[in-house]
Amino acid sequence: MSQVLPIDKKQLRACLLCSLVKNASQFRANGCENCEEILQMRGSMDRVTECTSAKFEGAIALMHPRESWVARWQRIDKFQKGVYAIVVYGRVPEDVEDDLERRGVTYRPRDGSVKE
């Protein structure tokens, strides 16, 4: 779990797909524990910059995501333990949106711009 928690408060970024918060260097080293198969950030700082955002609001620390009503409310109850942003500004790259569409997954930006 230590690789999921931010090492320090410098260069924090949030994943645009799941809102996991880590340092840019952690995303480069380990990718996103929830989205690596789709986003493929591991080893690429350019991809980290494209698929994460430094502009986010709030934070939720989750130890037991499957048991948390807050996690269900934020739609992060199926993700790994960690720190998650409440709102993340930005959109995933078009190639990621296309990949999600091919997989039958509906992309909902985490900035609140799309209402249910």
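## Strand pairing

Cysteine 15 faces threonine 52, a residue of β3. Strand β3 covers residues 52-53, and two bridges connect β3 to β1 in an antiparallel arrangement. Strands, like helices, are DSSP runs numbered from the N terminus: a strand is a run of E of at least two residues, a helix a run of H or I of at least four. Two strands count as paired if DSSP finds at least two bridges between them.

The open sheet has three strands in the order β2-β1-β3, with antiparallel pairing. Because β2 and β3 stand at the edges with a single partner strand each, one side of each has no neighbour in the sheet. Strands of a sheet pair through backbone hydrogen bonds.

## Basis of the model

This is a predicted model, in which local features need pLDDT of at least 70 and side-chain atom pairs count only at pLDDT 80 or more, while totals for chains, interfaces and linings use all residues. Residues are numbered from 1 along each chain as its sequence is written, and side-chain values use heavy atoms, leaving out hydrogens and water.

## Residues with positive phi

Most residues other than glycine have a negative phi. Serine 19, which is not a glycine, has a positive phi of about 75°. Serine 19 is located in the loop between β1 (12-15) and β2 (21-23). With a relative accessible area of 1%, serine 19 is buried.

Glutamine 40 also has a positive phi, near 50°, and belongs to the loop between α2 (36-39) and α3 (45-51). Its relative accessibility of 53% makes glutamine 40 exposed. Buried means under 20% relative accessible area, exposed over 50%, and partly exposed in between, with a 1.4 Å probe and protein chains only.
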